[in-house]
Amino acid sequence: MVAVRDVVRDVVAEVAPEELPLVDGLASYDDGTVVRRLSRTGPRREPLGFGWGEVIGLATPVVWLVLDQVAQRLADAAVDGTAKGARGLLRRLVRRRRPPATLPALTADQLAELRRDLLDLSIRRGLDAQIAAEVADAVVRRLDRGPDGSPGEPGPAS
Amino acid sequence: MAGASSRVDERALGAGTTARFTLLVALLVASSSVMLLYVALALAATDGLSCTLAAGADPGTDPAANVMARRSLQWEAYAACSDRYAPPPSGRWLVGWWALLAACTAALFWALPAWKARRGRVVPLATVDRDGEIGRTVAELSATAGLARPPRVVVDPAAASAGAVVFGRTGRATVCLHGGLVAARTTDPRRFRAVLLHELAHITNRDVTITYLTVALWRVYAAVAVPPFLVWGAWKFRTASGATLWSAEAPIVTRGLLVTGLLAVLVYLARSDVLRSREVYADLAAVRWGADPESWSTAAAPAPVGGRGRRALRAFAELWHLHPRWDARRSALADPAVLFGVRALPLVLTGVAAGVTHTHVAYAITLYGLVTNWVQHAAALAAAALVAGVVGIALWRAVVYAALTGQRASSSARAGLWLGLGMAAGAAAAGQGTVNEWLPARPWLLALVVVAAMAFTWWLTRCAQLWVAVWRGRSLRGVALLNVSAAALALSLWFLWWQSLGAALTAGWSFDVAGIRDSFVSFFVGRELDHPPASLLDRAYVLVTIVGSAVASSPLALLAVVALWVTPLLAWLPRPGADPPRWVRDAAPGADPTSPGPPPPGLRRVLVPGLIGGAAGGLAAVAHSAWLHVRVQTATSATTVTVAFLAGAILALLVAAAVAAVTARVAVPAHRLPAALIAAGAAALVGFAAVAALRASDGCVPALGIWNVPCSWNPAMVQRLFPQILVPALPLAMLVAGAVALPRPRAARRGRRSFDRAATVGGQTSRPRSMAVARSCALALVATGLAVATVHAVQRAPNAARPLDPGEAQRFARQGMYVVVDAPVSARSRALQVEAWLDLGGDELLDRFYRHRRDLFAAVTTAVGEGRSIDRIDDVRPLCAEIGDFARAADRYFRVPDPEADKLWVKLVKLAWEGSQNCQQALDADQADQFNTAMRTLADAQDTSHAIDDRIDALMGQGGL
């Protein structure tokens with residue numbers, strides 16, 4: 001198992017090191033907050049801002065959102081839906097921090113699907129196609145290496 | 001003149017932001033106060049409508065003019081009725097409401113920064129700035145921006161935009177960097193610095209406090225003030241829409257709700273408009289501090305070009321944005337023309353805001369019975385100062401920009417048109433001129449509002465052009481303030497006139513020319529004269545005097561009028577110089593050092609037309625005296641002669657003003673409005689001196705004598721003529737001068753161009769020669785003008801602090817100020833009126849008479865039964881006196897709103913009074929016969945009161961009550 005936030009940090013350090021301060025900033029939130037905040041894409045209409053609408057393509061939100069989505073999907077498969085709903089509601093009520101999302105080792109099919117999702121969201125979030133491919137490759141490479149970042153068994157996707 | 005290489009500094013003159021925000025605050029406070037009053041009146045179950053019904057008005061079908069007239073003609077009774085049955089909510093409510101709004105606003109203002117900087121939304125800078133590089137950059141740029149210490153910086157790591165935002169208070173601001181910007185710091189450091197400098201500029205430009213204070217006030221208004229009012233509106237529609245008099249209330253309720261919706265849009269648009277200009281100021285400051293202008297180029301693609309419809313749609317959408325378009329921001333960096341322009345939207349919004357605010361404040365003043373001249377003028381002055389602050393600064397900036405760049409100045413007429421349309425819309429939406437109706441009876445009079453606004457912007461622009469051309473000091477702020485203050489004072493007269501007379505005229509107010517003429521004439525002569533039918537001259541005289549007296553009732557009226565020509569006259573006093581003006585060097589460092597605008601000609605060219613006009617006025621006064629001298633010999637009516645004298649003397653002063661203005665227009669073509677006003681003002685004063693001299697020496701020149709008195713010098717006459725002739729003539733003289741100075745059609749203008757140039761050049765050369773004499777004359781003229789204004793202020797001040805007594809107001813109304821026009825009344829309405837008359841005091845009065853008469857008769861019967869004679873029944877005297885008191889109270893109460901019943905009511909009051917007086921006199925003189933007559937009279941009165949009861953019962957029966 002590997003924590004999503006660790007994968008994000010490693011990937012960003014590799015492909016977009018200028019975004020590392022953002023990862024540092026986001027690291028002070030629990031995963032639920034991070035995902036909620038990163039999911040918002042609309043421009044902010046604030047007085048005395050520099051201007052609205054000049055959203056730039058960042059790798060961090062793409063990687064974090066897709067990995068969290070995969071982690072949630074895999075975790076949900078093992079948990080009863082009703083119980084999950086009740087827990088979610090309870091968590092909202094008491095605002096308990098969500099435990100860090102983790103990813104198990106992924107199969108080749110899962111990695112391929114993950115790569116597609118990454119490319120898809122990258123394009124939607126305004127990332128350049130070449131950078132999007134670099135990001136997707138970096139994520140797949142990082143997950144291939146296992147939890148501690150050391151090279152693992154050659155994965156089915158390679 | 002400044003070219004492309006010498007950009008005009010946007011700080012050449014204040015931006016006027018504070019005035020614009022203050023206008024919004026005034027609008028929100030006035031509007032929420034009126035909302036509270038509406039709701040509080042509804043909660044207190046006050047009944048203002050019944051007093052109107054009892055006064056004989058039918059709010060459902062009577063035109064607004066009749067509602068006003070019927071109330072005014074019985075103002076004593078109406079005021080007493082309103083005090084008793086429809087008192088305004090205690091002033092403490094209003095003060096408490098303001099305190100609540102202020103407390104909520106303050107709480108929200110303090111809470112907003114904490115909410116925006118809460119944990120979970122942003123992180124401290126230290127969390128993301130491990131090496132301290134961002135902190136060092138912030139400190140460095142803060143020093144560049146002139147901040148004593150760097151602001152607090154937080155980071156929103158989830159925000160993908162490469163922007164930032166500042167919030168909090170100017171003294172304790174927080175800059176929030178968006179995640180995208182932090183990421184861009186290493187890839188695009190120029191952009192990082194540009195954005196940061198822009199945000200720091202907002203702090204330096206003092207935008208933060210005022211912006212978030214407005215945000216807080218707006219949210220409190222929407223969340224605290226509006227909901228109870230909407231509930232009130234819904235409740236009214238639900239409960240009252242079936243009522244008989246709903247047709248009278250529906251326009252008021254609907255307009256109230258409409259204005260609330262309008263305000264929401266208005267405040268949002270006005271705030272967005274101000275914020276857009278603040279962004280450009282911040283951009284310019286950032287670039288001045290070293291931000292790379294290229295950072296603005298990379299921000300976004302230029303706006304796509306489309307068809308006319310698409311462009312209009314885009315322009316409409318942009319009105320709601322908090323930031324200007326990127327291409328507009330980029331071009332403003334090269335040429336900040338956008339900050340010096342006079343645009344339609346802010347003008348319209350300012351006009352609407354001022355119209356609504358002034359109407360609301362005037363409503364509250366009337367409701368609380370605070371109607372004194374000072375209070376009314378203070379309200380007008382507040383509205384005018386807000387308009388002048390916003391529009392005056394905008395116009396001044398436009399004039400300065402045009403002067404520095406050599407471009408054509410924007411049209412003051414267009415600016416006035418937009419402002420006037422806004423003012424008219426605001427006033428009409430808030431209910432001025434409509435009272436209980438949907439539309440005013442004379443909607444075309446709203447055009448006067450537009451004309452007044454156009455005159456205001458025209459005067460301001462022309463004076464600004466004059467001052468900009470002559471001023472050589474370091475800053476224009478002082479002269480701009482003088483000019484804008486004078487404009488505010490003049491505009492306050494307009495608001496005052498409109499509120500006291502214009503709105504009533506628009507609502508259809510009618511007056512009796514002969515009645516008003518007679519009251520003016522008897523006031524002047526000191527005794528009642530004859531009452532001939534009204535002539536055309538009477539009509540003109542009454543109109544002029546009514547209009548003039550409504551304006552002149554304020555002690556500051558003449559000061560405002562005199563300021564219209566003294567302000568431009570002062571521009572001739574500074575000594576001309578050969579060097580470029582110092583303010584030009586600061587405002588546009590690379591500008592060509594020639595004079596910014598056409599230099600005014602010598603002072604003599606302005607003063608001589610005044611003298612020529614004055615001489616013409618003197619001749620007119622002599623001719624008028626000679627004509628009147630002949631007329632007096634054959635005239636049969638003293639009233640007609642007096643009107644002919646007063647009107648003729650005013651006309652002589654206007655002739656003086658017109659001749660002076662025409663001469664000045666020819667002599668000073670480059671600054672013709674200021675010159676025409678100065679000349680007209682001077683000529684009117686000289687003309688008045690001639691009229692006063694003729695009358696003070698009446699009889700010394702036989703052919704010019706009017707009053708058939710022996711020759712003597714009578715200086716007291718000047719004092720009598722001053723309020724009757726000079727005071728109404730001076731405002732009119734300014735109107736005449738303005739009309740003369742109006743621009744001519746283009747074809748006529750072309751022919752004059754060569755002469756205009758010659759006149760301007762000639763003036764320049766003649767200026768230094770006789771400067772000392774001319775300056776002394778100008779100073780004397782200024783002193784005379786101010787002395788006249790002061791005399792007027794001193795004369796009016798005692799009355800201006802006194803609220804109008806209801807009895808006095810009623811007397812004015814009955815002297816012809818109000819006339820009821822014929823309008824049919826349905827049986828139902830008649831029944832409601834007499835019912836209201838009974839309920840609000842009529843029934844009580846009839847009962848009172850019945851009881852006193854019964855007790856009196858019982859006491860007399862007992863005394864007679866005891867065999868007492870007239871000299872031993874003094875104990876019944878108090879009962880007789882009480883019937884007299886009843887008659888006095890009945891006389892102060894409403895007349896019965898039915899002609900037949902009213903005849904009986906008048907008879908009852910008369911009989912009761914006679915009976916009471918006879919009774920007391922008979923007891924004093926021990927006259928048994930007179931006492932018996934008194935008792936018979938009171939018995940008659942009793943029968944009459946029964947007849948009134950019967951008639952009212954019949955009317956109520958016919959009306960289905």
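Colleague: Which residues does B:Ala656 touch, not counting residues up to four places away in sequence?

Modeller: This is a predicted model, in which local features need pLDDT of at least 70, side-chain atom pairs count only at pLDDT 80 or more, and totals for chains, interfaces and linings use all residues. Residues are numbered from 1 along each chain as its sequence is written, while chains are lettered from A and ligands numbered from 1 in the order in which they are written. Two residues are in contact if their C-beta atoms, placed from the backbone, lie within 7 Å. The residues that B:Ala656 touches are B:Gly613, B:Gly614, B:Ala616, B:Gly617, B:Ala620, B:Ala683, B:Ala684, B:Val686 and B:Gly687.

Colleague: Why is strand β4 of chain B largely enclosed by the rest of the structure?

Modeller: Helices (H or I, at least four residues) and strands (E, at least two) are DSSP runs, numbered from the N terminus; two strands pair if DSSP finds at least two bridges between them. β4(B), residues 172–178, is largely enclosed because the number of its seven residues that are buried is six.

Colleague: Which element of chain B supplies the largest share of the side that touches chain A?

Modeller: In this interface, 38 residues of chain B are in contact with 28 residues of chain A. Elements that each supply at least two residues include β3 (164–169), α9 (189–204) and α10 (208–240) of chain B. The largest share, seven residues, comes from α8(B).

Colleague: What average pLDDT does chain B have?

Modeller: pLDDT is the predictor's confidence in each residue, from 0 to 100. In chain B it is below 50 over residues 1–5 and stays under 50 over residues 750–767. Where pLDDT is low, the predicted coordinates should not be read in detail. In chain B, 94% of the residues score at least 70, and the average is 87.

Technical notes:
Buried ≥ 20, exposed ≤ 12 C-beta atoms within 10 Å, placed from the backbone.
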